[in-house]
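Biologist: I would like a close look at one part, the aromatic side chains. Please set out how they are arranged, then show me what surrounds them.

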Amino acid sequence: MTELTLSHEQKAIISSKKLLLWLGIVSILMIFAAFTSAYIVRQAEGNWVVFEMPQLFFISTALILISSSTMFYAAAGVKKNNSRQIGTGLKLTLLLGLGFALTQFLGWQALVDQGVFLVGNPSGSFFYVISAVHLAHVIGGIIVLLFTLRSNAKGLYTADNRTGIQLCSIYWHFLDVLWVYLFLFLWLVR
């Protein structure tokens, strides 16, 4: 069944799922817009300690950027009905996502080693909260990746039935772009 032969009900369900995802993305963007705005306002008040961002955050950024290419690879596989390519791309994306999460935790440990804590100076508090809330969304993305992998193992994705992988891909790429913005913001706005 191609997209052209989908019933009106099936098209409406697909459109509803995509709409809900985009509404969720807009909500997440609003949260981080509020965080970054509050960061700038609080920084202007003074009593702001400037600290060195641990190199682990540069590594985590590289990992999440690479994960976008593996997600592209998985999404390209569905267009070719290549379940193996989809699985490989999703597994690599999952591993890179887990690597991102691990380097975030190690980066926080490096901050503690520098004497930058969650409680203390607002600059450290903002750094932890912004990166932790993003990581919570990445963990949600990892869960979605696991469900998408399971669906692929069941043979549910084809060129004619690719909504699930499209939604997973959109969300994952959004998380990647969001982290690059947050990383640059936290690195450059000190």
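Modeller: Rings of Phe, Tyr and Trp (its six-membered ring) pair if their centres lie within 6.5 Å; planes under 30 degrees apart count as stacked, over 60 as edge-to-face, and the rest as tilted. On that basis Tyr39, Trp48, Phe126, Tyr181 and Phe185 form one aromatic cluster.

First, the terms of the model. It is a predicted one, in which local features need pLDDT of at least 70, side-chain atom pairs count only at pLDDT 80 or more, and totals for chains, interfaces and linings use all residues. Numbering starts from 1 along each chain as its sequence is written, and side-chain values use heavy atoms, with hydrogens and water left out.

Now the pairs. The structure holds 16 aromatic pairs. Take tyrosine 39 and tryptophan 48, two members of the cluster. Their ring centres are 4.9 Å apart and their planes stand at 80 degrees, so this pair is edge-to-face. Tyrosine 39 and tryptophan 48 are both buried (buried is under 20% relative accessible area, exposed over 50%, partly exposed in between, with a 1.4 Å probe and protein chains only).

A second pair joins tryptophan 108 and tyrosine 128. Here the centres are 6.5 Å apart and the planes make 45 degrees, which is tilted. Tryptophan 108 sits in helix α3 (residues 83–114) and tyrosine 128 in helix α4 (residues 122–153), so the pair ties together parts that are 20 residues apart in sequence. Both tryptophan 108 and tyrosine 128 are buried.

The protein has five helices and zero strands (helices, H or I of at least four residues, and strands, E of at least two, are DSSP runs numbered from the N terminus). Along the sequence the pattern reads α-α-α-α-α. The C-alpha trace spans about 60 × 30 × 20 Å along its principal axes. Of the protein's 190 residues, 44% count as buried. Look at contacts (heavy atoms within 4.5 Å) between residues at least 6 apart in sequence: 81% join residues at least 24 apart.

Turn to α1 and α5. The axes of α1 and helix α5 (residues 163–188) come within 11 Å and cross at roughly 10 degrees. Axes are lines fitted to C-alpha atoms, for helices over the stretch in contact, with angles from 0 to 180 degrees between N-to-C directions. Angles under 35 degrees count as roughly parallel, over 145 as roughly antiparallel, 65 to 115 as roughly perpendicular and the rest as oblique. α1 and α5 are therefore roughly parallel to each other. The residues of the contact divide into 18 nonpolar, three polar and two charged. Ala, Val, Leu, Ile, Met, Phe, Trp, Tyr, Cys and Pro count as nonpolar, Asp, Glu, Lys and Arg as charged, and the others, Gly among them, as polar.

The axes of α3 and α4 come within 10 Å and cross at roughly 160 degrees. α3 and α4 are therefore roughly antiparallel to each other. Their contact residues divide into 19 nonpolar, nine polar and one charged.

Serine 131 lies in helix α4. Serine 131 is buried, at a relative accessible area of 0%. Leaving aside neighbours within four places in sequence, serine 131 is in contact with Gln104, Trp108 and Trp179. Alanine 101, in helix α3, counts as buried at 10% relative accessibility. Alanine 101 and alanine 132 are 31 residues apart in sequence, yet their C-alpha atoms are 9.7 Å apart in space. Serine 125, also in helix α4, is buried at 19%. Beyond residues up to four places away in sequence, serine 125 touches Phe117, Leu118, Val119 and Gly120.

Finally, two loop residues. Asparagine 47 lies in the loop between α1 (8–44) and α2 (55–79). Asparagine 47 is not a glycine, but its phi is positive, at about 55 degrees. Asparagine 47 is exposed, with a relative accessible area of 58%. Asparagine 81 lies in the loop between α2 and α3. Asparagine 81 has a phi near 55 degrees, again a positive value in a residue other than glycine.
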